[in-house]
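Hello,

Here is the structure I promised to pass on. Please open it next to this email, and my notes follow below.

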Amino acid sequence: MKHSILITGAGKGIGKAIALEFARTSKNNPDFNPVLLLVSRTAGDLEKTADACRIEGALVETYTADIADFAQTAALAETIISQHGTIDCLVNNAGVGRFKPFGELSEDDFDYTVATNMKGTFFLTQKLFAAMERARKGHIFFITSVAAEKAFKSSSIYCMTKFAQKGLVETLRLYARECNVRITDVMPGAVWTPMWGDVPEEMKSAMMMPEDIAVPVVQAYLLPGRTSLEELVFRPVGGDINE
Ligand SMILES: NC(=O)c1ccc[n+]([C@@H]2O[C@H](COP(=O)([O-])OP(=O)(O)OC[C@H]3O[C@@H](n4cnc5c(N)ncnc54)[C@H](OP(=O)(O)O)[C@@H]3O)[C@@H](O)[C@H]2O)c1
């Protein structure tokens, strides 16, 4: 069966791992034929992810878009709906963070983080949820964070936007339950991705890897439609780092 799956931030890190896991799963499951719709701002990264997914036999389309820009988000959603009618799955993964002490965060840090994590996630979801609502089917994943419910000292703006995403998850669930749409809040702790930049080897070895998140996300999607895995919380076995 054909499944159209849109993943934001699929060029790197956790989003890339989720795209690859959907593709790999299709290889071993003849009834699962994903069409992966991959979104990020960097075309070159998207093409690398797309090539790796195509090697596994998945159909892939790439869309270069900045979800922080309302016009680009609206155009993206319109293109997707006109080409696919609705989508079966949206993975709201694209996110950014600037990590500094509270007093050092600037207006630019604020606007940049809020525009992607809050505004972009909100409006892309709003536009694609409308199609799911009409179709009375769909599954939306939000890759929020353990920082959506726990404070970290150098993460005030990031935590603010992740707590906000959790507010959106909980509110949208009230609508989703009325139209047979599943919502999964994925809350990882530290995962080794480009988001962290250069970190010491010792710190890296204390982190999770993107595939640790990707495998359960795909399994949650493949659960029978009657069942919604509502929350997934992941932590390094030694607990949170950078408390
Ligand atoms: N890594 C962790 O420890 C961790 C833990 C908990 C939660 N998370 C969350 O998991 C998600 C993925 O994080 P990650 O660690 O995989 O980050 P990452 O390695 O920096 O990758 C982020 C991806 O999102 C894309 N992106 C960022 N802003 C975008 C925008 N405005 N429009 C379109 N695409 C955009 C990036 O591509 P371009 O730059 O090319 O656009 C990239 O492909 C984020 O929401 C993050 O908050 C991460």
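The protein chain has 7 helices and 7 strands. Helices (H or I, at least four residues) and strands (E, at least two) are DSSP runs, numbered from the N terminus. In sequence order the pattern is β-α-β-α-β-α-β-α-β-α-β-α-α-β. The radius of gyration is 17 Å, close to the 18 Å that the globule rule gives for 243 residues, so the protein chain is as compact as a globular protein of that length. That radius is taken over C-alpha atoms, and the globule rule is 2.2 Å times the number of residues to the power 0.38. The C-alpha trace spans about 50 × 35 × 35 Å along its principal axes.

Two notes on reading it. Residues are numbered from 1 along each chain as its sequence is written. This is a predicted model: local features need pLDDT of at least 70, side-chain atom pairs count only at pLDDT 80 or more, and totals for chains, interfaces and linings use all residues.

Now the sheet. The 7 strands form an open sheet with parallel pairing, in the order β3-β2-β1-β4-β5-β6-β7. Two strands pair if DSSP finds at least two bridges between them. β3 and β7 (231–234) are the edge strands, each pairing on one side only. From one strand to the next, the twist averages 15 degrees. Axes are lines fitted to C-alpha atoms, for helices over the stretch in contact, and angles run from 0 to 180 degrees between N-to-C directions.

Leu 37 has Glu 61 in β3 as its bridge partner. β2, helix α2 (residues 43–55) and β3 make a right-handed β-α-β unit. Right-handed means that, with the strands pointing away from the viewer, the path from the first strand over the helix to the second runs clockwise.

Last, the ligand. It is surrounded by 30 residues, and the closest are Gly 9, Gly 13, Arg 41, Thr 42 and Gly 95. A residue counts as near if its C-beta atom, placed from the backbone, lies within 6 Å of the molecule. α1 (13–27), β2 (33–40) and α4 (107–135) each supply at least two residues of this shell. The largest share, 3 residues, comes from α1.

Best wishes
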